[in-house]
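Here is a friendly walk through this model, chain by chain. Have the sequence and the coordinates open as you read.

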Amino acid sequence: MTNKIKVEHLDFYYGNFQALKDINMDIHQNKITALIGPSGCGKSTFIKTMNRMFDLIDGTKATGSISFDGTELLDKNLDVVQLRKRIGMVFQKPNPFPKSIEENVLYGVKRHGDVPKSEWDELVKTSLKKASLWTEVEHKLNQSAFSLSGGQQQRLCIARALATKPEVLLMDEPTSALDPIATAKIEELLEELKKEYTVIIVTHSMQQAARISDYTGFFLNGELIEFGLTKTVFSNPTDKRTEDYITGRFG
Amino acid sequence: MGKTSKRRRLAQRLFLNKFFEYLFLAAILLSISVLLILVGDVLRKGLGSLDWSFITSMPSSRPERAGILPALLGTLWVIGLTALISIPVGVGTAIYLEEYANKRSWFFRIMNINIGNLAGVPSIVYGILGLTVFVQLLKIGPTILAGALTLSLLILPVIIVSSVEAIKAVPSSVKEGSYALGVSRWRTITGVILPMALPGILTGSILALSRAMGEAAPLIMVGAVGFVTFLPDGILDRYTLLPMLIYNWTSRPQDAFAQIAAAGIIVMMILLLITNITAILLRRKTQNRVE
């Protein structure tokens, strides 16, 4: 088993507030790692350190080490453009661009300029197929992305992230704004995606984590309380707080 | 509490509801009627003198032969040049303030407060500034360029504030979506931020320009002339503008001049109407493209 990402002694600060405390975690390749915990526990903050989205917020600071295939992600001189091409992200609420479906998928590659124009059509097709959206939109690629339903928009956002050919997909509660049917579709899709990608998903739903993930991490107040195989974490947690949380005693 | 007193209170409330509704209706009718009276008065006085030769003739000391051509062209030159200067600078400033500047820095705070304050400075003050800096210090002289630079300063705060508001209104989720794809800041600005902010930027800019079109005070300071009988053909020419010419005519004693002044006002109102309609159409068009 290969470690795709190795997190060691990660501390994270918003100004003076410490949001993550000494996090250590191994993310395994081609597995789904779920991060659970009550709101404000740091799980979303944690995945945002991996594609350096926190760079966009003034006054944030991360220390420790996040090693991605041997590359130090917290290095100040790291090319975040390259990083974010290799580590894609899907957000809580579907956030398509106010452009056509096709333009949404091509948004990244057009601006990176690393895929020749002759391959664009094929790329749109494969990306949408991988996001299992192709059959629903193949005849209306020029229509606005806003004409799609919420679940379709979210799969379009997945297709958009896949188009830049990432190795890792970060998902920040990707189904929290969707109805149960759209959620089931995305969960099915994740099963497919893990064959090719390493997936890290933040979820507010313990059932979802239990259903789809191979590994689970439980966060509380900025600390990683427990991390291991999903089976073990859910059936035989070592920490009392994990047990309390997954049995619904708080959170 | 008795039934009757409850009913009385209900009646009282309904009455107050109606009362305030009519009060606010009266407020809007008052402002509309003042406007209608004004427009009606101008139309009554001016329509008789308004014809094609009025637009294509030179000013003259004889009102029946006088026209507005140099002033009309002067206004178009100055406003056109003002747009070319103020929109790029204003939108650029707004992009810097919203997307690049560190919002916690004292520089950002001072800039923000000052831009807000500048929007409230009387236009004559900009005239004095333009006279000192552009006309005298930079030796541009009393030319179209100096006038346009002065008007640009005057409307820059308005353009900046409305552009900042338009950029702020772009949802941060969309910006994050672009950054998360590894798209650089500049390409995020051109890729999603500006296209989404464009309707607001255009509306703000055009409304600011139509305000500039009606200004006379700062241009008197920087040397616009009230009465010229030649046409401008470059940005370093001397010039006159519609508000200047109208002012010149209204200050003359003969009644005939009051009439052609009214005709000039009609031309200006048409010009303003055209720019405002352009703003609305542009906004509609760009909004449709976005949604």
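## Chain B: overall build

In chain B, take the contacts between residues at least 6 apart in sequence: 74% of them join residues at least 24 apart. This is a predicted model, so please read every value below as computed from predicted coordinates. The secondary structure of chain B amounts to 11 helices and zero strands. Its radius of gyration is 25 Å, well over the 19 Å that the globule rule gives for 291 residues, so chain B is more spread out than a compact globule.

Along the principal axes, the C-alpha atoms of chain B fill a box of roughly 75 × 65 × 35 Å. Of the 291 residues in chain B, 42% are buried.

## A buried threonine in chain B

For a local view, go to helix H11 of chain B, which spans residues 255–290 and contains B:Thr286. Is B:Thr286 buried or exposed? With a relative accessible area of 7%, B:Thr286 is below the 20% cut-off and therefore counts as buried.

Which residues does B:Thr286 touch, once its neighbours within four places in sequence are left aside? They are B:Leu198, B:Pro199 and B:Leu202. B:Ala197 makes a handy distance check: it is 89 residues from B:Thr286 along the chain, and the two C-alpha atoms are separated by 9.5 Å.

## Chain A: overall build

Now for the other chain. Chain A has 10 helices and 10 strands. Its radius of gyration is 18 Å, close to the 18 Å that the globule rule gives for 251 residues, so chain A is as compact as a globular protein of that length.

In chain A, 56% of the 251 residues count as buried. Among its contacts with a separation of 6 or more, 67% come from residues 24 or more positions apart. The accessible surface of chain A is about 10,900 Å², and carbon and sulfur atoms hold 47% of it.

## The six-stranded sheet

Chain A has an open sheet of six strands, ordered E6-E7-E8-E3-E9-E10, with mixed pairing. E6 and strand E10 (223–229) each have a single partner strand, so one side of each is left without a neighbour in the sheet. On average, and ignoring direction, neighbouring strands here are turned by 15° against each other.

Two of the pairings can be followed residue by residue. Strand E6 (residues 87–90) of chain A is joined to strand E7 (residues 168–172) of chain A by four bridges, and the two run parallel; A:Val90 stands opposite A:Met171 in E7(A). Strands E3 (residues 32–36) and E8 (residues 198–202) of chain A also pair in the parallel sense, over four bridges, and A:Ala34 has A:Ile201 as its bridge partner in E8(A).

In a regular strand, side chains alternate between the two faces of the sheet. In E6(A), both faces are covered: A:Ile87 and A:Met89 are buried on one side, A:Gly88 and A:Val90 on the other.

An open sheet of four strands in chain A has the order E2-E1-E4-E5 and antiparallel pairing. Its edges are strand E2 (17–28) and strand E5 (71–72), each pairing on one side only. Strand E4 (residues 60–68) of chain A is joined to E5(A) by two bridges, and these strands run antiparallel. Within E5(A), A:Glu72 stands opposite A:Ser67.

Which helix lies across strands E1 (3–14), E2 and E4 of chain A? Helix H1 (residues 43–50) of chain A does, running at about 115° to E1(A). H1(A) also lies across E3, E6, E7, E8 and strand E9 (215–220) of chain A, at about 150° to E7(A).

## A buried glutamine in chain A

A:Gln152 is part of helix H6 (residues 150–162) of chain A. Its relative accessibility is 14%, so A:Gln152 counts as buried. The side chain of A:Gln152 reaches the backbone nitrogen of A:Ser149 at 3.0 Å. Apart from its neighbours within four places in sequence, A:Gln152 is in contact with A:Leu133 and A:Glu136.

Terms used
Residues numbered from 1 in each chain as written. Chains lettered and ligands numbered in written order. Predicted model: local features only at pLDDT ≥ 70, side-chain atom pairs only at ≥ 80, totals over all residues. Heavy atoms only, no water. Pairing = 2+ DSSP bridges. Contact = heavy atoms within 4.5 Å. Axes fitted to C-alpha atoms, helices over the stretch in contact; angles between N-to-C directions. Rg over C-alpha atoms; globule rule 2.2 N^0.38 Å. Buried < 20%, exposed > 50% of the residue type's maximum accessible area, 1.4 Å probe, protein only. Areas by Shrake-Rupley, 256 points an atom, 1.4 Å probe, with all protein chains shown as cover. Polar contact = N/O pair within 3.5 Å; in protein donor to acceptor, adjacent residues only side chain to side chain.
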